[in-house]
Amino acid sequence: SALSAPAPAFVSKVHVIPGARVAQGDLLVQFYAQAEAAELDSARREFDDQLRKLLQEPQSAAAREALVALRARRELAERKLDERSLRAPYDGVVGDVRVRAGQLVEAGSSLLELTDVGSTVAITALLPGRYRPYLRPGQKLRFQLDGFTRRVQELTIARVGDQIVGPSEALRYLGRDLSDSLRVEGPVVLVQARLPRASFVADDD
């Protein structure tokens, strides 16, 4: 699935490349966060200073209360800094990486593709809406990649959209990145099918 930017930001560093295996929680993309990092550094220093004071005066209620407040400030700063990064929501394999360091991204912009290790590869086909009454799960769908005319894949339909949708709604479903490269004319029905494997042989020779 596509992982998107949670908020507008500048990309500081991309930590992964296509094909990389990542574990849940691994850092994928870091955004610029100078203010958040400075606040966390300040909160940690003040917390450490107050902890030393408490160790010198363990009976001081004021020192103990100040330490509790600083701990809360430090934890908040840590959360805010972590929000300036994109981490893997599950174990997976990185697919297409669509951002680079220094790039400004908008909220909702697709940053990269991450495929669940245990999932299968699926395709979504936009078929003319007039075919909707004749389609049902279990039927065969012939699939051919551009440039590989000798390799036709026969897939099994897993899901047929309940409704016939117009071009604009179909493009919204596919997402901003794909909608910029596709042209949809007339009403369509969305059909999903799963590939038996994530790769195929282009030439037996």
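Predicted model: local features only at pLDDT ≥ 70, side-chain atom pairs only at ≥ 80, totals over all residues.
Two strands pair if DSSP finds at least two bridges between them. Four strands form an open sheet, ordered E5-E4-E2-E7, with antiparallel pairing.

**Sheet**

- E5 (85–87) and E7 stand at the edges of the sheet.
- Each edge strand has a single partner, so one side of each is left without a neighbour in the sheet.
- Strand E2 covers residues 9–14 and pairs with E7, residues 104–105.
- Two bridges hold that antiparallel pairing of E2 and E7.
- Ala9 has Val105 in E7 as its bridge partner.
- E2 also runs antiparallel to strand E4 (residues 27–31), joined by three bridges.
- Val11 stands opposite Phe31 in E4.
- In a regular strand, side chains alternate between the two faces of the sheet.

**Helix H2**

- H2 spans residues 61–82, which makes 22 residues.
- From first C-alpha to last, H2 reaches 32 Å.
- That is close to the 32 Å expected at 1.5 Å a residue.
- Which residues of H2 are buried? They are Ala63, Leu67, Leu70 and Ala77.

**Ile17 in its loop**

- Ile17 lies in the loop between E2 and strand E3 (21–22).
- Is Ile17 buried or exposed? Its relative accessibility is 59%, so Ile17 counts as exposed, the cut-off for exposed being over 50%.
- Ile17 touches Val94 and Val97, leaving aside residues up to four places away in sequence.
- Asp96 is 79 residues from Ile17 along the chain.
- The C-alpha atoms of Ile17 and Asp96 are separated by 8.3 Å.

How values were computed. Residues numbered from 1 in each chain as written. Heavy atoms only, no water. Expected span 1.5 Å × (residues − 1). Buried < 20%, exposed > 50% of the residue type's maximum accessible area, 1.4 Å probe, protein only. Contact = heavy atoms within 4.5 Å.
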